[in-house]
Amino acid sequence: MSDYSALLDRFQVTELIGRYVDSINHRDWARYADCWAERGIFRQTVETVDEAPNATVTTTDRPINLEAVGRDAVVKLVSNYDNFPWAFQIASGILVTMRGAAEAQVRHVLNIRSNSLTMLGICYDRAVKQRDGVWRLVVRDYRPSYFERGDAPGLQCRRLPDPNYLNLP
């Protein structure tokens, strides 16, 4: 793998994380689904909770262990964002480590903020370049480090989803 090829792959994997967050923030579930390999696995691992993972969100009063296997199950789980008047994810500190020409390990901080909660944690991802040349997630293990429940004190200024968001400048 040439230096330029590796650089392009690292950029495309970083862009995958950006597509992931952007599609959630705009509640574009078809675009979000395209971030996942067909047999992708989403986990939320809460180290202070001693319980088996759930396939659905059973409470938002505290973080819980979650696991969804397969693209459709992941989309079904994460599309619960539709239940919040507003919710955003902010990814930062993205570090991509190539594990060959078509596999990458990714770590980054993920800040989740909604009208009623804040959760900060680190994502441990594995992405693969698929036959169509697109990088997709095969595993995401989100490990929250901080959780806070409480209404946001500000005012909501915009309603999402905005079906026209891809046409904005």
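A search of this whole predicted model finds 14 salt bridges. Start the tour with some of them.

**Stop 1: K129 and D9.** Select both residues. They form a salt bridge, with the closest N and O atoms 2.9 Å apart. K129 sits in strand β5 and D9 in helix α1, so this pair ties together parts 120 residues apart in sequence. Now show the surface. Which of the two is buried? D9 is, with a relative accessible area of 2%. K129 is partly exposed, at 30%.

**Stop 2: E38 and R71.** Here is another salt bridge, and its closest N and O atoms are 2.9 Å apart. The pair links distant parts of the chain. E38 belongs to strand β1 (residues 36-44), and R71 to helix α3 (residues 71-78). E38 has 48% relative accessibility and counts as partly exposed.

**Stop 3: R62 and E51.** Select these two side chains. They meet in a salt bridge, 3.6 Å from N to O. The two residues are 11 apart in sequence. R62 is partly exposed, at 40% relative accessibility. E51 is partly exposed as well, with a relative accessible area of 30%.

Next, pick D34, D132 and R136. Salt bridges that share partners join these residues into one network. As a general point, side chains of opposite charge can pair when their charged atoms come close.

**Stop 4: the core.** How many residues does the largest nonpolar core have? It has 35. Colour Y20, Y32 and W36, the residues with the most contacts inside it. Then colour helix α1 (residues 3-25), which supplies the largest share of this core, six residues.

Stay on W36 and show what surrounds it. Leaving aside residues up to four places away in sequence, W36 touches Y20, I41, F42, R71, V74, R136, L137 and R140. Two of these names have come up before. R71 is the salt-bridge partner of E38, and R136 is part of the network with D34 and D132.

**Stop 5: from β3 to β4.** Strand β3 (residues 87-98) and strand β4 (residues 103-114) pair antiparallel over 10 bridges. Select Q89 to find one of the pairings: its bridge partner in β4 is I112. Then move to the hairpin, which has four residues between the strands. G100 takes a positive phi there, near 130°.

**Stop 6: from β4 to β5.** These strands also run antiparallel, joined by 11 bridges. Select R113 and look across: T118 in β5 stands opposite. How many residues lie between β4 and β5 in their hairpin? There are two.

**Stop 7: from β5 to β6.** Follow the chain on to strand β6 (residues 135-149). It runs antiparallel to β5, and 13 bridges join them. Select R126, whose bridge partner in β6 is V139.

**Stop 8: a surface patch.** Finish on the outside. Select V109, I122 and Y124. Together they form a nonpolar patch on the surface, with about 210 Å² of accessible area. I122 lies in strand β5 (residues 117-129). Its relative accessible area is 31%, so I122 is partly exposed. In a regular strand, side chains alternate between the two faces of the sheet.

Methods
Residues numbered from 1 in each chain as written. Predicted model: local features only at pLDDT ≥ 70, side-chain atom pairs only at ≥ 80, totals over all residues. Heavy atoms only, no water. Patch = residues over 30% accessible without salt bridge, like charges linked within 9 Å, V, L, I, M, F, W, Y side chains within 5 Å. Areas by Shrake-Rupley, 256 points an atom, 1.4 Å probe, with all protein chains shown as cover. Salt bridge = Lys/Arg side-chain N within 4 Å of Asp/Glu carboxyl O. Buried < 20%, exposed > 50% of the residue type's maximum accessible area, 1.4 Å probe, protein only. Pairing = 2+ DSSP bridges. Core = buried A, V, L, I, M, F, W, Y, C linked by side-chain atoms within 4.5 Å. Contact = heavy atoms within 4.5 Å.
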